[in-house]
Amino acid sequence: MTLPALNLLHPEVCPFRCLGWNNVMIVSWHESINLAAIKHLSKISDDLLAIYPSVSAIHLAASDIGLPSSEVRPALREMMARYAPHTACLAVVLEGSGFWASTVRSLITGMRMVAPRAFAMRMHENIAEVCEWLPREHQRRTGVSLDPEGLRLALEQTKKR
């Protein structure tokens, strides 16, 4: 299965890998989030929204990427609020446990509390959980059907470094 890539930049250039599949944006973070990455991700989001009026986003984060800095957190909140009217679902996969995962969950929950409640959001421990939840909720909110197996393949492809 060939999937349309929105962004396949080398890790030295960008701390994430991003892939568009249907009206779903999948972002796999392999380094800490920085302000330049948020700006780049906003550009990709704008490009996707020029094609689709409503999208879902999935963020994959491994425990070795670290925590977002205090300068990045407000930018993440602003981005979440900016795209809320166009977001159907937001899934975050935190592939780790302990202090890192707990802290990231708290940060995301805090951002969610101040963002508009227009979209469904869930945090997951693995890709299988996303593939179980997202297709049904995405179809309910956008009318676009997602094949769970196709979604799993897209997530695995995006996750590869």
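This is a short walk through one protein model, from its overall layout to a few single residues.

The model is predicted, and local features need pLDDT of at least 70, side-chain atom pairs count only at pLDDT 80 or more, while totals for chains, interfaces and linings use all residues. Residues are numbered from 1 along each chain as its sequence is written, and side-chain values use heavy atoms, with hydrogens and water left out.

I start with the layout. The protein has five helices and six strands; helices (H or I, at least four residues) and strands (E, at least two) are DSSP runs, numbered from the N terminus. Read from the N terminus, the order is β-β-β-α-β-α-β-α-β-α-α.

Next, the surface and the inside. The protein exposes about 8,200 Å², and carbon and sulfur atoms supply 54% of that; these areas come from the Shrake-Rupley method with a 1.4 Å probe, and for residues only the protein chains shown count as cover. Of the 161 residues, 48% are buried. Buried means under 20% relative accessible area, exposed means over 50%, and partly exposed lies in between, with a 1.4 Å probe and protein chains only. Contact means heavy atoms within 4.5 Å. Among contacts between residues at least 6 apart in sequence, 69% join residues at least 24 apart.

In soluble globular proteins, nonpolar side chains tend to be buried together. A nonpolar core here is a set of buried Ala, Val, Leu, Ile, Met, Phe, Trp, Tyr and Cys residues joined through side-chain atoms within 4.5 Å. The largest one has 29 residues, and those with the most contacts inside it are Phe16, Met25, Val27, Trp29, Ile38, Leu41 and Leu90. Two or more residues of this core come from each of β2 (16-21), β3 (24-29), α1 (35-49), β4 (55-62), α2 (72-83) and β5 (87-95). Apart from it lies another core, of 20 residues, including Ile26, Cys89, Val93 and Trp133.

Take Met25 as an example. Not counting residues up to four places away in sequence, Met25 touches Cys18, Leu19, Leu41, Ile44, Ser45, Leu48, Ser56, Ala57 and Ile58. Ser45 sits in helix α1 and is buried, at a relative accessible area of 7%. Leaving aside neighbours within four places, Ser45 is in contact with Met25, Met79 and Tyr83.

Now a helix pair. Helix α4 (residues 127-142) and α5 pack at an angle of about 135 degrees, with their axes 9 Å apart. The axes are lines fitted to C-alpha atoms, for helices over the stretch in contact, and angles run from 0 to 180 degrees between N-to-C directions. So α4 is oblique to α5; under 35 degrees counts as roughly parallel, over 145 as roughly antiparallel, 65 to 115 as roughly perpendicular, and the rest as oblique. On the α5 side, the contact includes Leu155 and Glu156.

Leu155 touches Ile26, Ile58, Leu60, Ile127, Val130 and Cys131, not counting residues up to four places away in sequence. Leu155 and Ile26 are 129 residues apart in sequence, but 6.8 Å apart C-alpha to C-alpha. For Glu156 and Ser28, 128 residues apart along the chain, the C-alpha separation is 9.6 Å.

Last, a loop. Asn22 lies between β2 and β3, and its phi is near 55 degrees, a positive value in a residue other than glycine.
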